[in-house]
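Okay, everyone, let's get going.

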Amino acid sequence: MTEIKDEKHNYPDHRFSVAPMMDWSDRHCRYLHRLFSKRALLYTEMVVADAAIHGPRERLLGFGATEHPVALQLGGSDPAKLREAARIGADFGYDEINLNVGCPSDRVQSGTFGACLMQTPDIVARCVEAMKEVVSVPVTVKCRIGVDDQDPETALDAVADRVLEAGADALWVHARKAWLKGLSPKENRDIPPLDYERVYRLKTRLGEVFVGINGGIANLDESSAHLTHIDGVMLGRAAYHNPALLVEVDHLIYDEQYKSVDMTEIIEAMCDYTDRHIAAGGRLSHVSRHMVGLFTGQPGARRWRQILSTDATRPGATSDVLRQAYSSVTEACNEAA
């Protein structure tokens with residue numbers, strides 16, 4: 001077993017991040033999340049290396065200056081292609097390039113990347129090495145604890161040791177196995193049991209290396225508990241379905257002075273953002289679909305969801321729909337007071 005305990009890795013203080021989520025963590029979602037937290041590290045959806053090289057780059061990779069710190073997650077298994085995709089991402093200004101070694105979808109299995117790479121640590125290492133050759137920003141890996149019948153005790157160590165030898169700056173670990181056959185991507189997020197202790201043991205062994213944890217973390221209290229064992233926590237669906245929980249990240253996770261958020265200002269900021277998006281040829285629903293959970297647990301939340309699910313999807317819908325929906329929330333809050 002490789003001994004890396006005394007090696008220090010220069011990775012920024014990213015104690016909290018919002019996970020890369022396919023079809024969810026696009027630039028509109030990240031703009032919304034950034035309004036609640038200035039410190040959280042935000043990840044893109046996975047972008048396949050071929051798409052980054054040959055596809056419409058501005059649409060796939062473009063982001064706003066307010067999104068920093070923001071990381072680009074790449075998918076692939078060809079070191080040469082990932083080298084070029086990482087260079088392109090760094091040129092766009094991303095703060096980190098991350099390699100996906102955890103997604104179990106049919107799409108990544110057909111391309112033999114994502115979680116499939118847990119079975120080939122040497123290939124992952126060559127990919128990391130290639131990316132490190134051309135970028136100065138951190139190169140990180142997000143993986144599972146194993147796939148299929150692998151023993152997580154040996155599988156996770158094998159990947160971790162090889163990518164760190166290749167120069168990876170940090171590891172983010174989804175604390176579940178992935179089953180490449182028999183489970184859908186959604187089932188792979190829920191059915192394989194969580195094993196947080198396995199990730200803690202990895203951190204203990206690696207010492208100064210940054211190790212972050214992902215999988216089933218529901219709120220900031222759980223996040224704080226994990227941070228007594230690990231360097232970073234990554235929330236996915238919990239943050240997406242209830243973006244307002246991010247409002248306390250800077251205070252509770254980064255120990256900054258608490259700053260309350262005015263939801264009226266948030267809505268107006270999103271209205272202004274939506275107006276710019278529509279003027280550029282977009283639709284309200286491209287933005288509003290990420291806002292459905294904004295008032296989870298509050299009076300008026302149901303009416304808010306109804307309006308965004310119907311009126312916001314109609315052709316020609318404008319930011320006035322957001323203001324109308326927000327009025328229903330404020331009316332419900334006043335009635336409940």
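**Salt bridges across the chain**

Let's start with Asp13, which counts as partly exposed at 39% relative accessibility (buried is under 20% relative accessible area, exposed over 50%, partly exposed in between, with a 1.4 Å probe and protein chains only). Quick caveats: this is a predicted model, where local features need pLDDT of at least 70, side-chain atom pairs count only at pLDDT 80 or more, and totals for chains, interfaces and linings use all residues. Residues are numbered from 1 along each chain as its sequence is written, and side-chain values use heavy atoms, leaving out hydrogens and water.

So who is the partner of Asp13 in a salt bridge? That's Arg39, with the closest N and O atoms 3.9 Å apart; the rule is a Lys or Arg side-chain nitrogen within 4 Å of an Asp or Glu carboxyl oxygen. Arg39 sits in the loop between helix H1 and strand S2, and Asp13 in the segment before strand S1, 26 residues apart. Helices (H or I, at least four residues) and strands (E, at least two) are DSSP runs, numbered from the N terminus. Arg39 is partly exposed too, at 27%.

Next, Lys132 and Asp169 meet at 2.9 Å, N to O. Lys132 is in helix H6, while Asp169 is in the loop between helix H7 and strand S6. Here Asp169 is buried, at 10%, and Lys132 is partly exposed, at 27%.

Then there's Glu153 with Arg201, at 2.3 Å, linking helix H7 to helix H9 across 48 residues.
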